[in-house]
Amino acid sequence: MSMLTIEPGKIPTKDLHQFILGAVAPRPIAFASTISKDGQPNLAPYSFFNAFSSNPPILIFSSNRRVANNTTKDTLRNVEDTGEVVINVVSHSFVRQMALSSVEYGAEINEFEKAGFTPLPSEVVKPFRVAESPVQMECVVDQILPLGEDGGAGNLIICRIVRMHIAEAVLTDKGRIDPDKIDLMGRMGRFYYVRASGAAVEEIMQDVAAFGIGFDQLPAGVKQSTLLTGNELAQLAALTHLPNAEEARAVLQQRPDWQVLLESGDTESLHRLIRELIAGGAAETALQLAVLA
Ligand SMILES: Cc1cc2nc3c(=O)[nH]c(=O)nc-3n(C[C@H](O)[C@H](O)[C@H](O)COP(=O)(O)O)c2cc1C
């Protein structure tokens, strides 16, 4: 792979910013509701955001100094003044309204009104919840950590959840959040977003206590295959037992026709069969064949 290599400080901040946004993506969006010390509601999206701890329950988002003129934002001033914020999640059903709320309206403007959101009183903190959002987290601000003084510098707003509200409509019958029902949006670089439901969602089950044999134990024939991908090989390497030759031969009792394929030396057809078996959920059988090859 030919690489573009960047030394921060040697390119304009706005360009570095875009490379970071495009690479560290998709990012969840904190729809941050705050209130000024005079009682003026404020709402803005922040995608320099994530969860960092469950006990205590900590969310962190960053309100950056503007790259263009090094000014700071209403949300930052409000959390400095009041120490409270409600972080709401962003679903596809109101993503355009969320985008409208990101316009740099003055501090006197209430983005709930501008972008058509319904303010819902919180139980513990003063800022409103966004009624349209399926998950609303009332937070107190534990700490604000400025990361620099120049344009583009972040200010980490470290928040502790004191109350969490989850719409029952987004829960499965087992009471867990269903990705298709919550239908979250993620932010990427430039004007790109991702909708995290439907075909975009993939289930990858990896038991952390199941010690897979690893790539280093894979038979050389498949490891060096130009056909099988890293993802396919990983499904063989995740199996916890490498069959010996005798165990592997058992597969030929069910499929004597595979003996012919093995003896033919047609590696491409063999690797295609291994691929099909992996795709069909028969990785153990695929590994038996790989051992015999
Ligand atoms: C999806 C999305 C994510 C954003 N993420 C951030 C962010 O992480 N940090 C930031 O400083 N600005 C971010 N912005 C820009 C702010 O939302 C924008 O500057 C807004 O006007 C700030 O509002 P405020 O002054 O009311 O806090 C984002 C905008 C959008 C649309």
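Colleague: Which residues does Phe-31 touch, leaving out those up to four places away in sequence?
Modeller: In this predicted model, Phe-31 touches Leu-43, Pro-45, Ile-87, Asn-88, Val-89, Val-90, Met-98, Val-130 and Ser-133, once residues up to four places away in sequence are set aside.

Colleague: And which residues touch the most other members of the largest nonpolar core?
Modeller: That core has 32 residues, and those touching the most other members are Ala-30, Phe-31, Ala-32 and Ile-87. At least two residues each are supplied by β2 (30-35), β3, β5 (57-62), α2, β6 (84-88), β9 (135-146) and β10 (155-166). There is also a second, separate core of 15 residues, which includes Leu-218, Ile-274, Ile-278 and Ala-286.

Colleague: How is the protein divided into domains?
Modeller: Domain 1 covers 13-200 and domain 2 covers 215-292, and their centres, taken over C-alpha atoms, are separated by 47 Å.

Colleague: Changing topic, which residues come nearest to the ligand?
Modeller: There are 17 residues around the ligand, of which Ala-44, Phe-48, Lys-73, Asp-74 and Thr-75 come nearest. The elements giving two or more residues to this shell are β3 (41-46) and α2 (74-82), and β3 gives the most, with four residues.

Colleague: What is the make-up of that shell by class?
Modeller: The shell around the ligand is made up of six nonpolar, seven polar and four charged residues.

Colleague: What is the strand order in the open sheet of three strands?
Modeller: The order is β1-β11-β12, and the pairing is antiparallel. Because β1 (27-28) and β12 (193-195) each have a single partner strand, they stand at the edges, and one side of each is left without a neighbour in the sheet.

Colleague: How many bridges join β1 to β11?
Modeller: Two bridges join β1 to β11 (residues 185-187), with the strands running antiparallel, and Pro-28 has Gly-186 as its bridge partner in β11.

Colleague: Last one: is Glu-263 buried or exposed, and why?
Modeller: Glu-263 counts as exposed because it has 8 C-beta neighbours inside 10 Å, where the cut-off for exposed is 12 or fewer. Glu-263 is found in helix α10, which spans residues 257-264.

Colleague: How far is Glu-263 from Ala-293 in space, C-alpha to C-alpha?
Modeller: Glu-263 and Ala-293 are 8.5 Å apart in space on that basis, although 30 residues apart in sequence.

How values were computed
Residues are numbered from 1 along each chain as its sequence is written. This is a predicted model: local features need pLDDT of at least 70, side-chain atom pairs count only at pLDDT 80 or more; totals for chains, interfaces and linings use all residues. A residue is buried if 20 or more other C-beta atoms lie within 10 Å of its own, exposed if 12 or fewer, and partly exposed in between; C-beta atoms are placed from the backbone. Domain bounds come from an automatic or database domain assignment. Two strands pair if DSSP finds at least two bridges between them. A residue is near a molecule or strand if its C-beta atom, placed from the backbone, lies within 6 Å of it. Ala, Val, Leu, Ile, Met, Phe, Trp, Tyr, Cys and Pro count as nonpolar, Asp, Glu, Lys and Arg as charged, and the others, Gly among them, as polar. A nonpolar core is a set of buried Ala, Val, Leu, Ile, Met, Phe, Trp, Tyr and Cys residues joined through C-beta atoms within 7 Å. Two residues are in contact if their C-beta atoms, placed from the backbone, lie within 7 Å.
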